[in-house]
Amino acid sequence: MEWILSTPEQPPEWFIYMVKQYTPKSRGLYAAQLLWQRGIKDAEKLAAFADYKNYHPASPLEFGEEMHLAMARLQQALNNNDKIAIWGDFDADGITATAVLWDGLGQFFTKNTRLIYYIPNRFTESHGLNYQGIDNLHRQGCKLIVTCDTGSTNIDEIIYAQTLGIDIIVTDHHTLPEQRPPVTAIINPRYLPSQHQLFHLSGVAVAFKLVEALYQTLPDVPKEPLTDLWDLVAVGLIADLVQLSGDCRYLAQLGIQRLQADFQQPPTARRRPGIGRLLELCQKNGDRPTDISFGLGPRINAVSRIQGDASLCVELLTSREIKYCDQLAEVAELANTRRKSLQKDVQAQVLQKLSEIDLSTTSVIVLEDSQWPTGVLGLVAGQVAQETGRPTILLSTQILGEDTKRPSLARGSARSVNSVDLYQLVKKQAHLLQSFGGHPFAAGLSLLPENIPLFTEAINQHLRQSLGGKTLTPTVQADLMVTVADLGKELFGELKLLEPCGMGNPVPTLLIKNCWFENACHRNQEDCRGKKVQYIKTDFNIRDESTKTTFPGVWWGHYQDELPPDRCDCIAELDYNTFKKRYEIRLIAVRPTATSVMASVNTDRIIDLRNQKYSILNNQDSPHLIRDCPSQWEDLRVCLKQSLSNHQQLAIAWSKPLHQPPEEIWLTLVGIAKYVSRTNQPVTHRQLLEKLGVHDQTLLFGLEALEYLGFRVTTQDSQLQISWNPFTHSEIMNDASVERFLASIREEQFQQSYFAEVPLSTIMRIYRR
């Protein structure tokens, strides 16, 4: 994985001074560097970015004629007592958009009689309009369907609805078809210029703009203020993959304030008791965007991922009945813990399949399995895409109904990376698909299983051609380089100025170099009933040379032995843990440090005598130094001869070695093997020798013992690859090989202890012989 460290341009002093006015308890330098790099370079932009009161939102009427057509049809429905159906979607953006229309249009149309909502089942219907659902709404007497977060490309379904006498208003933000769909109105920001402040609206924000326009058109009708919808808008905006700029950022800022204010009320006084209970269950208080992205969003999404039907989530977000909302919140919480377990299982199976393909010749990863639950495929695809640097498509083969005459379908999700436009990539293979939809970063699709090989070959060929020989590699970005001493309240307050973060304004990532971890401990998470689930997180303390104190952190989904056992570099995000009331880092990536302690010494050259454990530092301005000299006399003679021939002083410095018990060295080697096999990272002989403090021959004994324990050790380009291979396990041979490894360590330690007692005069006499 390639690490990219940003080198922010140093902003002028006047800009740093202005930023400091918004972060009075910090220097403001880090925030100023990030804002300057992200295009905020004048006083007006800074003021609008930092304080929503200085921002001027766009009118919903900037959608032009389409919004006027929508208003006319809704007013006609009000005059004619038409029954209206809200057609939503089952992800967090679609659920919150449905809730916004349910509460917003509910001010004009009586709920459950003249206004109903329909959420497709994730397992049986997938995204978008479908014939079955349209027939259902027709039987209920609906004359108008208002979609949210969907519908732009459902041309055939829209025409079918028209034949039944049903008009359709589409509110959506996904990619547009080549021609305008035959609808009454379509409110989609993709019709606006890309620089327009409404262009990046998500589905929930577009739905809000429709309601806002209706409030302006019929101002005397609503009884509840439009501001009551802000919290719902914030949840959907932050949970979805949209750029938080323009009106998106403005609405998210307003919504988070509304969310926090409502949560601070007693449970009996909250406007949205369901959201309040969800925040309690995930131990958040609603004042941070991460409370949504890591708290509310996953729980809302989990219901459809586990149950298929997410209709209850609309009730969870809009009902005022406290006991009922508590029950629904617990359903969402339990669904989320179940989702974590399923995701972990599928991820392990995907990684196994991934190990069987050649990534060097693969541009797009396409994998399928008949047993994979479709609900978590998008999440796993996103993880694989990030780790491999390649767009990833995961498919599950399912049978449609009990009628064996109906064909099976492979249905799944796709996630992009490295700025590859996934929607256009999939669209090029539309002739092989039954259905597809989405946007540049994520898509859903279905196709006949027999088309999967042809689809895989075609989509790979197309991306290879468009890349023009460029190789896709996984990358992780670091925005700032800091030390452990920098971490804490002051830096957190400074970086908080950038919130809410999202696409186009990502969460600041911090590079911490030459650090190490202490007190690492992993554990299973528990659900709201105290039952452990198959999802791991590792707590740790991080330390470096900048301070004598450690700083806490967490690594989600990883085991403690995946942390490097020695000094390393890491990339993390700074966070505040509401439950533990502490500042902490959230680990994103970690790797062994690129430089050793020896390399930091000011030397002209370093000569390694024995696997870099014992080194001669040669510097014209300093004496020759041998540190921790080996027991091999020949190596020492070479040292002395080089010093004499170069007319340099020789200093021999050593101390009596403090030996680690051989059994602990064996456990360290096993731990390293586990870490390397889990992370698929290579390791060199030199790194192992340095960490274990052993000779080459002893290390070979240790590697042999690992193979009998169940690991496979291979050498490629002077690097070792260690993988888990349980078929090589031999208990009898392992015991014998481990004992040989331990005996070799004991012999080494005896020799080193003897050498430490030999005086310098004796060494010189030996050399002169």
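**Group meeting: sheets, cores and rings in a predicted model**

Okay, so the protein has 24 helices and 25 strands, where helices (H or I, at least four residues) and strands (E, at least two) are DSSP runs numbered from the N terminus. Before I go on: this is a predicted model, where local features need pLDDT of at least 70 and side-chain atom pairs count only at pLDDT 80 or more, while totals for chains, interfaces and linings use all residues. Residues are numbered from 1 along each chain as its sequence is written, and side-chain values use heavy atoms, with hydrogens and water left out.

Overall, 52% of the 769 residues are buried, buried being under 20% relative accessible area, exposed over 50% and partly exposed in between (1.4 Å probe, protein chains only). If you take contacts between residues at least 6 apart in sequence, 66% join residues at least 24 apart; a contact means heavy atoms within 4.5 Å.

Thr147, for instance, stands opposite Val170 in strand 5.

Jump towards the end of the numbering and you get another open sheet, three strands in the order 23-25-24, with antiparallel pairing. Strand 23 (683-684) and strand 24 (711-716) are the edges, pairing on one side only. Strand 23 is joined to strand 25 (residues 719-724) by two bridges, and Val683 has Leu720 as its bridge partner. Then helix 22 (residues 696-709) lies across strands 24 and 25, at about 135 degrees to strand 24.

On to the cores. A nonpolar core is a set of buried Ala, Val, Leu, Ile, Met, Phe, Trp, Tyr and Cys residues joined through side-chain atoms within 4.5 Å. The largest one has 80 residues, and Leu74, Val100, Leu101 and Leu237 have the most contacts inside it. Helix 8 (residues 203-217) gives the most to this core, ten residues. What does Val100 touch, leaving aside neighbours within four places in sequence? Among its contacts are Leu105, Val204, Phe208, Val211 and Leu232. Apart from that core lies another, of 64 residues, including Tyr30, Leu497 and Ile745.

Tyr30 also has a charge over its ring: Arg27 lies over the face, 5.7 Å from the ring centre. The cut-off is NZ of Lys or CZ of Arg within 6 Å of the ring centre and within 35 degrees of the ring normal. Arg591 does likewise over Trp3, at 4.1 Å from the centre.

Phe492 sits in helix 18 (residues 489-495) and Tyr576 in strand 17 (residues 568-577), so the pair ties together parts 84 residues apart in sequence. Phe492 counts as buried at 9% relative accessibility, whereas Tyr576 is partly exposed at 29%.

How values were computed:
Two strands pair if DSSP finds at least two bridges between them. Axes are lines fitted to C-alpha atoms, for helices over the stretch in contact, and angles run from 0 to 180 degrees between N-to-C directions.
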